[in-house]
Amino acid sequence: MGTARITFDRWEGRYAQRMSGVRSSAVRDLFAAASRPDVISLSGGMPDVARIPAADVARALDEALAADSSASLQYGGSDGRVQLREVIVGLMAESGVRLKVADLIVTAGAQQGLDLLAKTFLDPGDTVITEGPTYVGALQAFSAYQPRIVSVEMDSDGMRMDLLEAELAALGPRGAKFIYTIPNFQNPAGVTMSPERRRKLLALACAYDIPVVEDDPYGRLRFEGGHILPLRALDPDVIYLGTFSKIFAPGLRLGWMAAPRPILAKVLLAKQAADLCGSNFTQTVAERYFASERWRRTLRDLTDAYRERRDAMLEALAEHFPAEARWTHPEGGFFVWVTLPRHLDTTAVLAEAVEHGVTFTPGDAFFADGRGSSSMRLAFCFAKPDQIREGVARLAEVLADRMDVYRAFVEAGALPPEGDAEASDLTSRVTEVSP
Ligand code: PMP
C-alpha cells in the first residue's frame, strides 16, 4: 500500500501478553494514503466537520469562558458535568429514552465507553457476543482484555436472532459477559435492526441473563424511514453508548454511557484510573453549543449531505460495479458494505486501488477471525458526491480485471458460481474465535 513501515522493535518480548491480540486498525493505517490530494477516500468514517459553522463553535467557546472560565479550565467530576448530562438527558428523551442525570456518565467518546466496559467486565477467556462484521474499534478495545469473540451474522434486518439463539443455547445462562450491538446503520454493514428483532434480542438477553451493550453513534443520522426506538427505551438494563462525534464533532472527544447505577459505579472506578475526569473544557463548549437551537439546523444540513452522498454511492455502484457484487442499502449513517465473490481478496485489491487513486476498508478488518476477506466497507460520509462517483468508478475499474479472471475460471469449471445470498458475508454463518 505504500504506507506500511517495517520497524524493528527492541522492546519486543517485554510487552504484556494482553497486547498480543490487539491489531492495529487498518482504517487508521489508511489515513496516510488517503491524505494524498489525488486519492479519493472511501475508507475513513470521518464526519464532514467543515459543515459545522466555525462561528457557532467560536460563540460556544466564548460563552463558556465568559460564563465561568475556571469551570472550563479546572479538573471536574469523573462522571461528567451535570449541565452537560442535562443536555444528554434532553437528547435521549428526543430518541425515546427517559433518563435521569444520575443514569449516565460522560466519556471521552463512545470509544472510551467500550474500553471501560471491557476493562470492567472482561477476564481473559470470557465470551463476548458481537455482530459479524462489527466495529473495528470495539474489536480493538475488547481484544486487549483477551476475550473469546463470538460473532453472529446479520442480514438486512440486523443481527439474526435464530443464530443468536443457537449460540446462546450452546453457551447457556450467563454464558457470555455481554452482547454488543450497533442497531442503527451498523458500522460497517450499514444495516438496521428491525423493531421485532430488538424485542427478540432483549427477550433472549433476559432469558439468558446477559447484559446488552447498545452502541448508537449514528441513530440521529437517518435519511429515510421512521425512527426506531433504541433498545434502552425498551429495557432499562441495557447499557447505552452515545456520542457527540456525529451530531457535533469528534474533535471534542465527548460521549456518554447510560447504564444501571451499580454498573456505572464500577465503570467510574475504571474511568478514574484511566483519566481522573474528562475534559471540562470541551464539556462546557458542548453545553453552550447545544444551548442554542442552531445545532439542529447544522445536523439537518449534515444529514441532507450524507443522504445525497449515500444516493451518489448507491447509484454509482449500480452503474459501475460487477453484476456479481452485492451491497447493503443503508437508511442512515456512513457506510455501505459490499460483498464480492469469495475468491476475491479485497486487501490485495486495496493496494491496486490506492494506485488508481481510491481507498476503502477491506472487510477482514471487521472480523476477529480473518473472515470478510472478499468484502469491503465503503464510507460515503466524507467525499463529495462527484468524488464518490469517481471513486466508485475507479474501484470498479480495478475490480473489472479481476472479475474477468474470475468469470474465466467459473466458465472453465475451476470455480463454482456463487448464489446471491451465499455470496454474502452478512448471511453466512456463526463462527467462534479467540482473538
Ligand atoms: N462505535 C461505533 C460503532 C463507531 O463507528 C465509532 C466511531 N466511528 C465509535 C463507537 C467511537 O466514536 P467516538 O469515540 O468518536 O464517540
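Predicted model: local features only at pLDDT ≥ 70, side-chain atom pairs only at ≥ 80, totals over all residues.

Residues are numbered from 1 along each chain as its sequence is written.

**Two domains**
- Domain 1 covers 18–51 + 297–411 and domain 2 covers 54–291, with bounds from an automatic or database domain assignment.
- Their centres, taken over C-alpha atoms, are 25 Å apart.
- In domain 1, 32 residues are in contact with 34 residues of domain 2 (contact: C-beta atoms, placed from the backbone, within 7 Å).
- On the side of domain 1 that touches domain 2, α11 (294–320) gives the most, with 5 residues (helices are DSSP runs of H or I, at least four residues, and strands of E, at least two, numbered from the N terminus).

**Around the ligand**
- Of the 14 residues around the ligand, Gly-109, Ala-110, Gln-111, Thr-243 and Ser-245 come nearest (near: C-beta atom, placed from the backbone, within 6 Å).
- Helix α4 (residues 109–121) contributes the most to this shell, with 3 residues.

**A helix pair**
- Helix α12 (residues 346–355) packs against helix α13 (residues 385–411) at about 130 degrees, with axes 9 Å apart (axes are lines fitted to C-alpha atoms over the stretch in contact, and angles run from 0 to 180 degrees between N-to-C directions).
- Val-349, Glu-352 and Ala-353 of α12 meet Leu-395, Val-398, Leu-399 and Arg-402 of α13.

Note on methods. Contact = placed C-beta atoms within 7 Å.
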